[in-house]
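Visitor: Could you walk me through this one? I'd like the cut-offs spelled out as we go.
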Amino acid sequence: MSKFPFKIIKFIYFLLGIFIFLFMVGGMLVYLPLIYISFIPLLIAIIYMIIKCKCPHCGKFENLDRFIYARKHVFHCRNCGRIIEIEE
Ligand SMILES: [Zn+2]
């Protein structure tokens, strides 16, 4: 049975963390280029999310928060109805 690897979620969190950090530092220093640069990891995170956040059974796209929910709860795919398990 295929599982959804948790490292994908961690990687997206990591990219979002870089985005928030650069965005806040850029905002504090009122340095616009840094704010623009901060959108690069955000963009990568969104693209990565669209490519990777899929049901391991049917391949239908699911939101990241649903995978986070699936980590602690029993979560059924809305498309195929099978349980999505998260691999730590
Ligand atoms: Zn599915």
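Guide: Let me start with exposure: a residue is buried if 20 or more other C-beta atoms lie within 10 Å of its own, exposed if 12 or fewer, and partly exposed in between, with C-beta atoms placed from the backbone. This is a predicted model, in which local features need pLDDT of at least 70 and side-chain atom pairs count only at pLDDT 80 or more, while totals for chains, interfaces and linings use all residues. Residues are numbered from 1 along each chain as its sequence is written.

Visitor: Is Phe14 buried, exposed or partly exposed, and which helix is it in?
Guide: Phe14 is partly exposed because 13 other C-beta atoms lie within 10 Å, and it belongs to helix H1, where helices (H or I, at least four residues) are DSSP runs numbered from the N terminus. Its C-alpha atom is 9.1 Å from that of Pro41, which is 27 residues away along the chain.

Visitor: And Phe19, what does it touch?
Guide: Leaving out residues up to four places away in sequence, Phe19 touches Ser38, Pro41, Leu42 and Ala45, where contact requires that the two C-beta atoms, placed from the backbone, lie within 7 Å. Phe19 is also in H1, and with 19 other C-beta atoms within 10 Å it is partly exposed. From Phe19 to Ile40 the C-alpha separation is 7.7 Å, at 21 residues apart in sequence.

Visitor: How do H1 and H2 cross?
Guide: The axes of H1 (residues 6-29) and H2 (residues 32-52) come within 8 Å and cross at roughly 160°, with axes taken as lines fitted to C-alpha atoms over the stretch in contact and angles running from 0 to 180 degrees between N-to-C directions. The two helices are therefore roughly antiparallel, since angles over 145 degrees count as roughly antiparallel, under 35 as roughly parallel, 65 to 115 as roughly perpendicular and the rest as oblique. By class, the contact of H1 with H2 has 20 nonpolar, three polar and one charged residues; here Ala, Val, Leu, Ile, Met, Phe, Trp, Tyr, Cys and Pro count as nonpolar, Asp, Glu, Lys and Arg as charged, and the others, Gly among them, as polar.

Visitor: Switching topic, which residues of H1 meet H3?
Guide: Phe6, Ile9 and Ile12 in H1 meet Leu64, Phe67, Ile68 and Arg71 in H3. This contact divides into six nonpolar, no polar and one charged residues. The axes of H1 and H3 (residues 64-72) come within 11 Å and cross at roughly 130°, so the pair is oblique.

Visitor: Ile9 again; which residues make up the largest nonpolar core?
Guide: That core has five residues, namely Phe4, Ile9, Cys55, Phe67 and Ile84, a nonpolar core being a set of buried Ala, Val, Leu, Ile, Met, Phe, Trp, Tyr and Cys residues joined through C-beta atoms within 7 Å. Ile9 also has its C-alpha atom 9.3 Å from that of Lys52, 43 residues apart along the chain.

Visitor: Is that Lys52 buried or partly exposed?
Guide: Lys52, in H2, is partly exposed because it has 16 C-beta neighbours inside 10 Å.
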